[in-house]
Amino acid sequence: MSEPVQRAQQPAHQSPQQPVQRLKANSVGLVGVVFMAVATAAPITAMTGNLPIAVGFGNGTGAPAGYLFATLVLTVFSVGYVAMAKRITAAGAFYGYISHGLGRIAGMASGMLAVLAYIVFEASIVGVFSYFAQTTVHDQLGWDVPWIGYAAAMLAVTAVLAFFDINLTAKALGVMLIAEIAVLFAVATAVLIHGGGPDGIPVEPINPKNAFTGTSAGLGLFFAFWSWVGFESTAMYGEESRDPKRVIPRATLISVVGVGLFYIYVSWMTIAGNGLSGSVKVSSGSTPLDLFFDPAHSFIGAWAVDAFQWLLITGSFACGMAFHQCASRYLYAIGREGFLHPALGRTHHKHGSPYVASFVQSVIAVVLVGAFWVTGQDPYIHLYTLLAILGTMSILIVQTLCSFAVIGYFRRNHPEDRHWFRTLVAPLLGGIGMIAVVVLLVVNMDTAAGTAADSLFFKAIPWVVGLVFFGGLALGLYVRSRHPHRYEVIGRIVLEDAAEREDRPAPAPSV
């Protein structure tokens with residue numbers, strides 16, 4: 001049963017206490033949080049969607065070294081991120097962290113940008129899911145079903161699962177995630193056991209200097225970083241996890257390092273299976289997925305290719321469902337503080353889920369997907385690619401601000417936790433690294449968008465991001481001037497009881 005309606009402990013100068021409805025505590029453990037985070041990164045979608053572009057048009061056969069570089073940068077970023085997670089437990093994650101570290105106005109702007117990112121990510125993944133489903137069902141079963149039919153089915157199933165306890169979603173994601181990781185690992189390991197392809201097992205792909213070579217090293221590195229989008233979602237489940245002060249930091253580091261090592265291994269063996277020159281030729285050709293299908297067929301068998309195609313469907317579905325949960329929790333976090341609409345802050349009396357925010361997110365996703373369908377856009381070229389670029393640009397900016405928020409927060413609070421590396425050098429280096437990634441995205445946006453770069457929506461992406469961010473700043477300034485009692489609550493509802501949750505009944509969230 002979910003926690004009853006609680007009241008936030010508010011400062012004395014604030015207006016009368018407002019009710020705060022809680023997400024269901026103790027719903028998910030370490031493994032469940034890791035599953036949720038890794039599912040948003042979507043290993044099989046990230047590998048099949050990003051690696052061929054990196055190999056064919058980016059840093060070439062140095063793509064695995066690019067994943068190595070990204071792993072190092074994101075691990076450094078995570079050091080500061082988990083330091084914040086140990087102190088602040090809130091469904092808003094970035095929204096709450098930046099509000100505490102850089103101030104409420106920056107927090108509001110970042111919160112709006114994070115909401116935008118996760119909202120469009122779900123619709124984006126619906127696009128790639130529909131593309132995989134349509135092509136696989138046609139190729140293997142001979143059925144011709146319009147892509148919008150698959151999109152509608154995914155949106156409906158996701159909405160139903162999100163209505164219930166998050167533990168149900170975590171279990172479903174776990175099954176799909178294990179399956180997609182298993183097939184990628186099986187193909188990579190088969191290549192390793194057989195000694196590779198035409199060039200054996202070359203070491204050039206993992207030589208760190210080769211991350212910065214090739215046709216466009218910047219493009220390759222950007223797609224490497226893009227493959228991790230969603231790992232930071234671990235912090236969103238703090239209020240629903242068991243012992244979040246330990247679970248969330250561990251889950252974050254496990255997600256970053258584990259996914260990184262997996263990407264390096266799979267990309268390295270995939271290139272080895274095709275050969276150095278063969279990998280570049282296949283990746284830059286008309287059937288880039290053969291970069292994975294050819295080794296699967298050669299080293300395992302035709303059945304592995306069939307299984308691979310079906311797991312592309314389940315893997316993208318898991319990714320979309322995880323992003324739906326992220327978006328719902330951001331809408332919930334802002335709603336319970338009285339912004340947008342307070343109804344968004346309601347939780348289900350039995351399941352403890354943010355069911356109103358979840359319903360709103362489903363409606364938005366339906367509208368976005370429907371708009372692309374009505375205008376005759378392609379589910380992969382336009383819906384997936386364009387919304388993914390919009391969401392990625394938004395979330396990378398928020399991650400950058402979060403790094404500097406860690407420095408600001410620990411400079412003013414908890415002197416006992418200050419550390420020259422964890423709370424200063426690591427977040428500083430992480431922030432600089434994130435700035436570099438944002439620059440990589442801006443410089444390589446046209447190439448990343450492919451044929452969709454000619455669309456009006458693509459040209460509007462930077463303007464949309466700027467409008468939402470500066471709109472959030474304006475909203476924060478307006479609230480500070482006209483509604484000071486509401487301003488005090490921005491990003492301030494946290495659960496200070498979280499560390500002791502298993503030992504005693506949970507008191508109210510505090511501001």
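**Figure 1. Y67 and W228, a buried aromatic pair in the predicted model.** Y67 is buried, and W228 is buried too. The model is a predicted one. The structure holds 27 aromatic pairs. In this one, the ring centres of Y67 and W228 lie 6.2 Å apart and the planes meet at 45°, so the pair is tilted. The pair links distant parts of the chain. Y67 sits in helix α3. W228 sits in the loop between α8 (217-226) and α9 (244-274). A pair of aromatic rings is described by the distance of the centres and the angle of the planes.

**Figure 2. An aromatic cluster of four residues.** F77, Y81, F94 and Y97 make up one aromatic cluster.

Figure 3. R87, E416 and D417 are linked in a network of salt bridges. Side chains of opposite charge can pair when their charged atoms come close. R87 forms a salt bridge with E416, with the closest N and O atoms 2.9 Å apart. R87 lies in the loop between α3 (63-85) and α4 (94-102), and E416 lies in the loop between α14 (379-412) and α15 (421-449), so this pair ties together parts that are 329 residues apart in sequence. R87 also forms a salt bridge with D417; here the closest N and O atoms are 2.7 Å apart. D417 lies in the loop between α14 and α15, so its pair with R87 ties together parts that are 330 residues apart in sequence.

E416 counts as exposed, at 54% relative accessibility. D417 is partly exposed, with a relative accessible area of 26%.

**Figure 4. The salt bridge between R104 and E488.** The count for the structure comes to three salt bridges. One of them joins the side chains of R104 and E488, at 3.3 Å from N to O. R104 belongs to helix α5 and E488 to the segment after α17 (484-487), so the pair ties together parts that are 384 residues apart in sequence. R104 has a relative accessible area of 17% and is therefore buried.

**Figure 5. A nonpolar patch on the surface.** L141, W143, V145 and W310 form this patch. Together they have about 390 Å² of accessible area. L141 lies in helix α5, which covers residues 104-141. L141 counts as partly exposed because its relative accessibility is 43%.

**Figure 6. S358 and F359 in helix α13.** S358 lies in helix α13, which covers residues 355-374. F359 lies in helix α13 as well. Which of these residues is buried, and which is exposed? S358 is buried, with a relative accessible area of 4%. F359 counts as exposed, at 60% relative accessibility.

Which residues does S358 contact, leaving aside its neighbours within four places in sequence? S358 is in contact with A162, H324 and S328. For F359, the view shows its spacing from L344. F359 and L344 are 15 residues apart in sequence. Their C-alpha atoms are 9.3 Å apart in space.

**Figure 7. The whole chain, for orientation.** The secondary structure of the protein chain comes to 17 helices and two strands. Of its 511 residues, 60% are buried. The accessible surface comes to about 18,800 Å², and 67% of that area belongs to carbon and sulfur atoms. Among contacts between residues at least 6 apart in sequence, 81% join residues at least 24 apart.

**Figure 8. Confidence along the chain and at two stretches.** The protein chain averages a pLDDT of 85. A score of at least 70 is reached by 86% of the residues. Over residues 1-18, the pLDDT is below 50. This stretch has 49 contacts in the model beyond near neighbours in sequence. Over residues 495-511, the pLDDT is also below 50. That stretch has 56 contacts in the model, again beyond near neighbours in sequence. Where pLDDT is low, the predicted coordinates should not be read in detail.

Conventions: Residues are numbered from 1 along each chain as its sequence is written. This is a predicted model: local features need pLDDT of at least 70, side-chain atom pairs count only at pLDDT 80 or more; totals for chains, interfaces and linings use all residues. Side-chain values use heavy atoms; hydrogens and water are left out. Patches are made of residues with over 30% relative accessible area and no salt bridge: like charges are joined within 9 Å, nonpolar side chains (Val, Leu, Ile, Met, Phe, Trp, Tyr) within 5 Å. Accessible areas come from the Shrake-Rupley method with a 1.4 Å probe; for residues, only the protein chains shown count as cover. A salt bridge is a side-chain nitrogen of Lys or Arg within 4 Å of a carboxyl oxygen of Asp or Glu. Helices (H or I, at least four residues) and strands (E, at least two) are DSSP runs, numbered from the N terminus. Buried means under 20% relative accessible area, exposed over 50%, partly exposed in between (1.4 Å probe, protein chains only). Contact means heavy atoms within 4.5 Å. pLDDT is the predictor's confidence in each residue, from 0 to 100. Rings of Phe, Tyr and Trp (its six-membered ring) pair if their centres lie within 6.5 Å; planes under 30 degrees apart count as stacked, over 60 as edge-to-face and the rest as tilted.
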